[in-house]
Structure formats: C-alpha cells, structure tokens
Amino acid sequence: MKILKKIAVATALFAAAGAAPAQGPKPLEMIAFGGGGNWPVWAAQEKGLFAKNGIAVKLSFTPNSVEQIRNLMNGTYDLGTTAYDNVAAYQEGQGETELPIQPDLFAFMGGYSGSLRFVTQPDIKTYAALKGKTVGVDAATTGFAFLLYKLAALNGLSSGDYKIERLGGTPARVQAMMEGRIAGTMVSSPSEILPESKGYTRLGDTTPTFGPYQASVGVARRSWAAKNGDQLVAFIRSYAAAMDWAYQPSNRDEAVSIYLKNLPKVPRPVAEKSYDVMFAGNEGFQKKAKLDLEGARTVLKLRSEFAKPQKNLTDPTKYIDETYYRKALQ
C-alpha cells in the first residue's frame, strides 16, 4: 500500500508540474524612440521571428536620448536603437549629459539611413523666416541637432538667429510643432508624412544636402554583449529577417496593418505612404540592417564641426563592432 501511495503522490506531482505554464526566455529589454522607426521590431514580434530564434523582446520607449543612454548604461535596458551620432557623442565625452561611468557603447547593426527632414510651420517657407523663432531638438549637442544647425548655416542663418528648445524624441517634437509651440524641427521618417499632408513645409532634406547619413543604429554596451553574445546574435538575425520580410512587395499590405496596429491613430493612407518612403528608394530602412560606413563618416564630419570639446573624428569603426552582425547573417 505504501508503494502504491508513493506512486500516486509522484504521479500527482508529475501531473502538476506538467500542468504548470511553460516559462519562456527572459525578455531582452529594448529601449527606443517612439514612432515608425520601430516597424521592423513590430514585424519581428508579429511574425514570430524573435521566438523562432529563441528570444523574446520587450520594447519600451524613451522620452529623450539622455534618459535612453543613462538607462542603457545603468543596465535597466539591454539594447536599443538610437542615432549613430549619440553613440559617438557619449564615447567621445561630448554627450548632452555627463555619465557616472565611462560608457562602452557600440553600434552593432544599422537601422535606417537618411530619411531626416527639416519640417516647419506652413507659413515658414524660407530660412530667413526662422529669424527670432524657436526650433525643437531632442538634445542640443547630440542626435540630429547638428543637421539642423548646418542646414541653417548653409542658408544664411547664424546660431544667434534662432532659439533652441529641448523637447525629446520625434513624436514629442512633431506634436509641439503641430500645436504651434515651435516653428520647426528635424523629423525622422515616416513622422513627417502626417504634418506634410496638412500643409507643413519641408524646408530641408538630409540626403540631397549631405549625401549618405547613418541615422539610426542598434546600440548596446560592449560589456553586456560580451556576456550575452548569443542573444544579441539572435536579435540581429530576427531583426534582419523582419527587414527582409517587410521589403517584399507581396507583404506590403500586412506590413501596413502591423504599423497601424501599433500606431492606431495614423490614417491608413499615411501608413501606406510611410511604407513607400521607408522601404523604397535610396534612404529609409537599411536592407539586412547593414551599416553604411560612408553615412557614418558624414555623421562624424558634422560632429567634428559642431561638437564641444572640438575633436577631429574620422574613424567610424571606432564606435562599431560588426562581429555579432556577421555571425547573425552567416
């Protein structure tokens, strides 16, 4: 009887264990700016590509680059997407804020190239009309602010001709512009499409003016990547596969639906145009998430001109490690 009782208890315990929900992998904590730049992540989640590669990803949004970099460095987040300029800035001690420890950030893949527009109020049709006005930036010394400064300078404006207001990421800046609180801002695609459809002015454009420009990249700490290389490889592989999927014309409608699922307030025609902007032409999302070294050099050229303390930065590979990327695409 005792043996039967033990067998019954063991069977019950086994059944209970079998009934317990399976524990999936601990999600990678990802921090990014809000908006359509997250399209490949949403596609990877929706199409099960992260799960296929044995990982889960929890995507959170940052209000600004300062908070993003701080929270990457303190370990709140594992990885993210940010401006390539942010990576170089903080590694060179030129960031918007001081960090309590020496950063070890690096870019591990590309995100999107170019696709940055200087958009202004409908009544502002010239750079001269910006005199005395306020323009919005995420941060004054990093990100895409130097593009704005250079565009203004090329069109006859000095830094004293306009005011700068720090407002955080693109969604917050676009909202401030459309509420009339600022005269204009640099906008990362596809967030320019809605205001432009309402008559806002595209006063400047990155690629025609500067040529290749590496805008967004994947970013992580070198110390984290050294301990979690397999997960980083799996992330890159999933992200690149999502990019491949979204680039297929036959998947356009489904890709647009995924976009609208995550940005439900966007009208469908705007979402459809967003697809055409980001997945066609010589700018937008980078196929295979491949970094553009020429575009990275453009970033460093602007940083060399405007950043303080001034440094002559010429080597884009200093802030890049494609070891994990190459392994992911093998």
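The model is predicted: local features need pLDDT of at least 70, side-chain atom pairs count only at pLDDT 80 or more, and totals for chains, interfaces and linings use all residues. Residues are numbered from 1 along each chain as its sequence is written, and side-chain values use heavy atoms, with hydrogens and water left out. The protein chain holds 15 helices and 11 strands; these are DSSP runs numbered from the N terminus, helices being H or I of at least four residues and strands E of at least two.

**Whole chain**

- Taken along the principal axes, the C-alpha atoms of the protein chain fill a box of roughly 95 × 45 × 35 Å.
- Of its 330 residues, 54% count as buried, where buried means under 20% relative accessible area, exposed over 50% and partly exposed in between (1.4 Å probe, protein chains only).
- The protein chain exposes about 15000 Å², and carbon and sulfur atoms supply 54% of that area; accessible areas come from the Shrake-Rupley method with a 1.4 Å probe, and for residues only the protein chains shown count as cover.
- Among contacts in the protein chain with a separation of 6 or more, 80% come from residues 24 or more positions apart; a contact means heavy atoms within 4.5 Å.
- The chain has 39 positive and 30 negative charges, whose mean positions are 6 Å apart. Lys and Arg count as positive and Asp and Glu as negative, while His and the chain ends are not counted; each charge is placed at NZ of Lys, CZ of Arg, CG of Asp or CD of Glu.

- Six strands form an open sheet in the order 2-1-3-10-4-11, with mixed pairing; two strands pair if DSSP finds at least two bridges between them.
- Strand 2 (57-61) and strand 11 (284-285) stand at the edges with a single partner strand each, so one side of each is left without a neighbour in the sheet.
- Strand 1 (residues 28-32) and strand 2 run parallel and are joined by five bridges, with Val57 in strand 2 as the bridge partner of Leu28.
- Helix 11 (residues 229-247) packs on this sheet, touching strand 1, strand 2, strand 3, strand 4 (105-113) and strand 11, and its direction makes about 5° with that of strand 4. Axes are lines fitted to C-alpha atoms, for helices over the stretch in contact, and angles run from 0 to 180 degrees between N-to-C directions.
- Strand 3 (residues 79-83) is largely enclosed by the rest of the structure, because five of its five residues are buried.
- Strand 3 pairs with strand 1 in the parallel sense over two bridges, and is joined to strand 10 (residues 214-221) by five bridges in an antiparallel run.
- Leu79 of strand 3 is the bridge partner of Met30, and Ala220 in strand 10 is the bridge partner of Leu79.

- Strand 6 (residues 134-137) pairs with strand 7 in the parallel sense over four bridges, and Val137 stands opposite Arg166 in strand 7.

**Helix 12**

- The buried residues of helix 12 (residues 252-262) are Ala255, Val256, Ile258, Tyr259 and Leu260.
- Their cover includes helix 2 (39-46), helix 11 and helix 13 (268-278).
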